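Subject: Structure handover

Hi,

Here is the structure for your files. My notes are below it.

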Amino acid sequence: MPAWMPQFTRIALVPGDGIGPEVIRAAVQVLDAVQARFGGGFTTQWFDLGAERYLKTGETLPQAEFASLRDNFDAILLGAFGDPRVPSNVHAKDILLGLRQRLDLYVNLRPVRLVDARLCPLKGVQAGGVDMAIVRENTESVYVGIGGSFKPDTEDEVAQNTMLSTRKGCDRLLRYAFELARTRRHKLVLCDKANAIESAHGLWRKSLKAMAPQYPDVQATTLYADVAAMRMTTHPHEFDVVVGDNMIGDILSDLAAALVGGLGLAPSASTHPGRVALYEPVHGSAPDIVGTGKANPLAAILSLGMLLRDQGLTQAADAVEAACAQSVVERACTPDLDGSLTTEQVAAWVAARV
Ligand code: NAD
Ligand code: IPM
Ligand code: MN
């Protein structure tokens, strides 16, 4: 593109299933407000991927659409995948895990911060008293899809899934986490089950031990994940950067989210430097509340905030984050946060403050 052309941020919108479309519509409303207030150029394109299409056509993530997402966009803003009509979850595996794995988006960053003391289920924790960044490995562990069933649906059925760690996978994630710790409170804890999962989780400890001396300014420790879950509940302020493999990171991130208001407030970014990045709320498709207006759009809107920040649009990102925090503090929010607004009303409220 010629140098004089305005720089557009190209965003692919992949709403998905259940409440996914509801929260992505809300985020787009906030994006429109960002554009009106701060200018800057965005282009958006909707992608019709999900259970509905799979049930109609059998397609999950066709190659042409995958290639377009990979090659034509700076960022993907994604809702959620999962539909009770597809119990095998095959479309979610192809689309959601497919994007993470095929784009090799190895960092899944899930920031968790308490913005209002009333949202913490623990006693006596003030705003800011929980402030951690979960750095979840996003391409390996038991998510590699290696395994299967032998003699299915017989009394001799055998089921197997492989947990896989690679030295490269541990090293690159820990490198990211150490660098992140340097921009925060200089603390990093690796959470694993190396006591039971000697090889796959032992490798994480080996990688940490080798890298830690390069970061003498970062206090690097390890915790077994079961103890980490307890400690995170009783002493959440001790946690700064929390590293876990794909499965441990998944579980701890929902726990951490519960400490600050729940899944409706938890954003995430899946990244690999130089590649299209994927932004999505941590929550799923919430089939139990779809169509009721109860879906909290703040996790999706905060994921948009992460997108803006990564694009260098710091002022816009700050404005989005501040408006989201204000909506929580002023109870201009959905019932999960003790508010009485609908998804669309929260979107309009946040958009107006941006
Ligand atoms: P879920 O996150 O969809 O819902 C768990 C609980 O939290 C439900 O009670 C739901 O109503 C509530 N909740 C979730 N998001 C909310 C929001 N934004 N506002 C208010 N309440 C919210 O998890 P689940 O019920 O275990 O899974 C449902 C489906 O979603 C499954 O198919 C699962 O595989 C899928 N899933 C997808 C993703 C993803 O796409 N990233 C993540 C998690 C689960
Ligand atoms: C998440 C979800 C997914 C995961 C599921 C839907 C496969 O729980 O994004 O946290 O485990 O990664
Ligand atoms: Mn999860």
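The notes start with conventions, then cover the whole protein and one residue.

This is a predicted model, where local features need pLDDT of at least 70, side-chain atom pairs count only at pLDDT 80 or more, and totals for chains, interfaces and linings use all residues. Residues are numbered from 1 along each chain as its sequence is written, chains are lettered from A and ligands numbered from 1 in the order in which they are written, and side-chain values use heavy atoms, without hydrogens or water.

Overall fold. The protein has eleven helices and twelve strands (DSSP runs: H or I of at least four residues for helices, E of at least two for strands, numbered from the N terminus). The C-alpha trace spans about 55 × 50 × 50 Å along its principal axes. The radius of gyration is 20 Å, which agrees with the value near 20 Å for a compact globule of 354 residues (over C-alpha atoms; the rule is 2.2 Å times the number of residues to the power 0.38).

Of the 354 residues, 51% count as buried (under 20% relative accessible area, 1.4 Å probe, protein chains only). Among contacts with a separation of 6 or more, 74% join residues 24 or more positions apart (contact: heavy atoms within 4.5 Å).

One residue. Ile301 lies in helix 9, residues 298–310. Ile301 is buried, at 0% relative accessible area. Beyond its neighbours within four places in sequence, Ile301 contacts Ala26, Ala27, Val30, Val320, Cys324 and Val350. Ser340 is 39 residues from Ile301 in sequence and 18 Å away, C-alpha to C-alpha.

Best regards

Key. Buried < 20%, exposed > 50% of the residue type's maximum accessible area, 1.4 Å probe, protein only.
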